[in-house]
Amino acid sequence: MDEEKKSCPICGGTFWIETENGVKRCECYREFLLNKRFEFAEIPSAFKNKSLDAYRPLNDYLGRALQISRKFVEEFKNGNTDRGLLFTGNIGVGKTHLATAILNELIKSGYRGYFLNFIHLIEKIKQSYGGNQPHFSEPKVFEKIKKSHIVVIDELGAATPSEFVFNKMYDIINYCFSEGISMIFTTNYPLRKEKSQKKLTNEKLDSVAYISKSNAHFLEERISERLVSRILGKCKEVVIKGEDYRKKKGVY
Ligand SMILES: [Zn+2]
């Protein structure tokens with residue numbers, strides 16, 4: 001279809017066409033809805049056309065990550081929309097490519113998805129609450145999350161929010177998991193294995209103090225043990241190791 005032309009030559013932009021048996025939807029209506037969903041998703045332009053088919057796995061980790069991503073999409077379309085993924089790995093290994101490729105594919109299949117960069121999410125929460133005002137306005141971002149089937153949060157832990165913002169974010173993520181909204185996270189920060197694999201009891205979680213260390217290396221140190229534990233309760237961790245990782249290995 002000619003993209004320059006705004007209204008459809010078949011229906012003239014009304015989305016309806018007349019037939020012998022009455023009116024029916026024009027073919028262009030599907031495309032209109034698809035474009036609406038893509039507008040809603042706010043995927044950065046560099047990732048708008050990413051697909052799983054175009055992903056070239058350069059090593060076994062990437063091959064496995066691609067396989068898991070494909071399986072995730074397939075199961076999502078089969079109704080298993082309640083779970084998520086956490087991609088961990090160094091910068092440049094293709095985590096955001098995979099996350100947005102999954103999102104693109106699900107949007108094309110009719111689901112509503114929403115892409116959020118972690119730092120932007122923090123900013124949006126801060127703006128909405130405007131300090132510790134007594135009457136909060138719910139973040140607009142939350143309204144969009146509520147309407148989504150799947151939410152991608154890119155670069156989890158890229159900043160260490162204040163405790164107030166952190167708690168709001170915890171509420172948002174908790175809401176998603178409680179309401180069956182799927183979430184995909186990417187992070188450049190590794191999990192502290194020995195801790196994350198142990199299941200923390202609620203009592204222990206409450207006792208974990210909020211930590212904010214902007215120079216911390218592990219994800220738990222950056223966004224708290226409590227939040228990581230909540231995420232791992234619903235999301236499968238997908239470790240991606242690439243070239244950069246191998247070069248740095250042994251440094252930490
Ligand atoms: Zn039309």
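Is the crossing of helices H1 and H3 left-handed or right-handed? To get there, let us take a short walk through this model, which is predicted.

We can start with the whole chain. The protein chain has 252 residues, and 30% of them are buried. Its secondary structure consists of 11 helices and seven strands. If you look at the contacts in the chain between residues with a separation of 6 or more, 78% of them link residues 24 or more positions apart.

Now find the strands E1 and E2. Strand E1 covers residues 16-19 and strand E2 covers residues 22-25; the two run antiparallel and are joined by four bridges. Between E1 and E2 the chain passes through a hairpin of two residues. To see how the strands line up, look for Trp16, which stands opposite Arg25 in E2. As a general point, side chains in a regular strand alternate between the two faces of the sheet.

Next come the helices from the opening question. A pair of packed helices is described by the angle between their axes and the distance between those axes. For helix H1 (residues 28-41) and helix H3 (residues 95-108), the angle is about 145° and the axes are 9 Å apart. The answer to our question is that H1 and H3 cross in a right-handed way. On the H1 side, the contact is made by Leu34, Arg37, Phe38 and Ala41, while H3 brings Leu103, Ile107 and Lys108. Sorted by class, the contact of H1 with H3 has five nonpolar residues and two charged ones, with no polar residues.

Methods:
Residues numbered from 1 in each chain as written. Predicted model: local features only at pLDDT ≥ 70, side-chain atom pairs only at ≥ 80, totals over all residues. Pairing = 2+ DSSP bridges. Axes fitted to C-alpha atoms, helices over the stretch in contact; angles between N-to-C directions. Left-handed = near helix turned anticlockwise from the far one by under 90°. Contact = placed C-beta atoms within 7 Å. Nonpolar A, V, L, I, M, F, W, Y, C, P; charged D, E, K, R; others polar. Buried ≥ 20, exposed ≤ 12 C-beta atoms within 10 Å, placed from the backbone.
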